[in-house]
Amino acid sequence: MTEPNVFTQYIQKRNVIVKNKKILQSSYIPDKLPHRTDKINEIVEIIAPSLSKDKPSNILIIGKTGTGKTAVMNYIGKELKKADPNRENCAFIYVNCEVVDTPYGILYNIANQIITDPSKRIPFTGWSLDKIFAELTAYIDTEDKIFIVVLDEIDRSFQKNGDDIFYYLTTINEVLNSSRVSIIGITNNAKFTEFLSPKIKSRLGEEKIIFPPYNVNQLQDILYERAVEAFETELLDDDVIPYCAALSAQEMGDARRALDLLRISADIAERNGDTRVTAAHVKSAKNKIELDAVSEVIKTLTVQSKTVLMSVIKNTEEDMTTMTTGDVYTTYKWICEVIGQSTLTQRRVAGLISELDMLGIVHARVKSFGRAGRTKEIELNTPKEIINMVKSDEIFRDLESYRPPKQTTLDF
């Protein structure tokens with residue numbers, strides 16, 4: 001018998017509703033992908049010649065987050081392996097450029113999915129790009145087959161490193177004799193190719209396939225199919241899946257968000273010891289997801305942006321629910337003095353307030369005073385949990401023992 005521990009009360013309280021949690025993960029690839037048959041067929045028609053060792057066209061897949069791009073390509077990869085189980089004619093290589101975003105890392109990742117001989121593996125670091133490229137092409141050519149290389153989130157590498165990696169990969173066939181490489185790029189940035197050189201642009205995007213967002217009915221179909229596999233559907237209230245689908249349809253038809261809502265709703269129900277998943281659990285899941293998203297944004301703010309936000313927080317705590325740019329700037333200068341930080345101009349601070357407004361962290365609206373000029377009226381638009389996270393930041397550790405100066409003037 002297990003010895004009592006800190007987890008015991010939670011295990012006893014938890015009521016298991018989901019019988020297979022991995023099915024509700026966006027990374028899970030089901031046997032069927034609802035409402036993407038046309039896109040699957042379109043891509044399969046292009047790459048099918050690889051099974052006869054004929055090089056397919058390069059493809060650029062474009063679509064917003066959660067439209068099924070990655071799921072479709074991973075599904076096709078699985079089917080391609082079924083059609084050629086011994087990889088005699090073709091090989092499917094997948095690289096997530098959000099995770100592996102340097103030219104060295106991408107070539108290293110591709111090479112070590114292809115090179116099976118341990119003695120010929122590319123080292124994790126230490127080689128030049130030209131040396132990796134030479135070793136990779138030499139090995140590929142000995143295989144005498146077609147390599148389908150999928151670069152997911154392809155724009156992430158470009159943003160960080162430019163188009164060097166695309167030059168290597170789109171010119172690789174010029175140095176190959178027996179084998180051939182086809183590139184499939186996946187991006188949610190429709191303007192991605194505008195920044196590439198004309199030569200790379202024409203080679204990389206030989207064929208473009210657009211993935212449209214899912215509508216609310218399509219999202220419901222996706223969720224129902226997952227729910228049947230994941231748990232007993234009688235444990236879901238009738239309005240749970242329509243509610244998840246409706247909320248996600250508002251977010252540009254994002255199937256990942258819909259799945260996250262359903263999964264987190266079930267988690268919340270289980271943690272509460274509830275026997276059913278209800279719309280109330282979905283609402284709680286929505287709030288949690290949004291809170292997590294805001295917290296991630298807060299973590300990436302610069303020190304100066306955090307200081308401006310802290311200025312708004314401090315003013316709000318002094319019962320100043322609505323404040324002007326001048327009010328914020330007065331407190332901002334005081335905080336900078338207390339924490340020993342350099343001070344920006346009021347104009348720059350006004351720009352940072354606008355950025356916080358765009359991120360949804362504060363609400364700033366312009367108020368005109370006629371000939372006297374205009375200013376911004378600013379309100380805090382952040383949950384208490386986020387406020388506490390900002391206040392607990394190490395840079396503000398000496399601030400709690402101080403009170404901000406009294407505000408006496410408005411900046412017209």
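## Residue classes and the model

Ala, Val, Leu, Ile, Met, Phe, Trp, Tyr, Cys and Pro count as nonpolar, Asp, Glu, Lys and Arg as charged, and the others, Gly among them, as polar. By these classes, the lining of the largest cavity has one nonpolar, five polar and four charged residues. This structure is a predicted model.

Now look at one pair. Strand E3 covers residues 146-152, and strand E4 covers residues 180-187. These two pair in the parallel sense over six bridges. At one of the bridges, Ile-148 has Ser-182 in E4 as its partner.

## The largest pocket

The largest pocket has a volume of about 460 Å³. Its lining is made of 16 residues. Which of them lie nearest the centre of this pocket? Thr-65, Arg-156, Asn-188, Asp-254 and Arg-256 do.

Two elements each supply at least two residues of this lining: strand E2 (90-96) and helix H11 (255-272). H11 gives the most, with three residues. The lining of the largest pocket has ten charged residues, four polar ones and two nonpolar ones.

## The second largest pocket

The second largest pocket holds about 340 Å³ of space. It is lined by 20 residues. Closest to its centre are Ser-26, Gly-68, Ala-71, Arg-226 and Arg-256. Arg-256 is also among the residues nearest the centre of the largest pocket.

Three helices each supply at least two residues of the lining of the second largest pocket: H3 (69-83), H9 (216-230) and H11. H3 provides the largest share, four residues. By class, this lining divides into ten nonpolar, seven polar and three charged residues.

## The largest cavity

How many cavities of 30 Å³ or more does the structure hold? There are two. The largest cavity has about 70 Å³ of space. Its lining is Thr-65, Gly-66, Lys-69, Thr-70, Asp-152, Glu-153, Ile-186, Thr-187, Asn-188 and Arg-256. H3 and E4 are the elements that give two or more residues to this lining.

Some names here return from the pockets. Thr-65, Asn-188 and Arg-256 line the largest cavity, and these three are also among the residues nearest the centre of the largest pocket.

## The second largest cavity

The second largest cavity has about 40 Å³ of space. Leu-80, Lys-81, Asp-84, Arg-87, Cys-90, Ala-91 and Phe-92 line this cavity. The elements that give two or more residues to its lining are H3 and E2. Which element gives the largest share? E2 does, with three residues.

The lining of the second largest cavity has four nonpolar residues, three charged ones and no polar ones.

Key: Residues numbered from 1 in each chain as written. Predicted model: local features only at pLDDT ≥ 70, side-chain atom pairs only at ≥ 80, totals over all residues. Heavy atoms only, no water. 1 Å grid on protein atoms, 1.4 Å probe; cavity = no way out; pocket = protein on both sides within 12 Å on 5 of 7 lines; lining within 4 Å. Points joined across faces, edges and corners; volume = space filled by probe spheres on them. Pairing = 2+ DSSP bridges.
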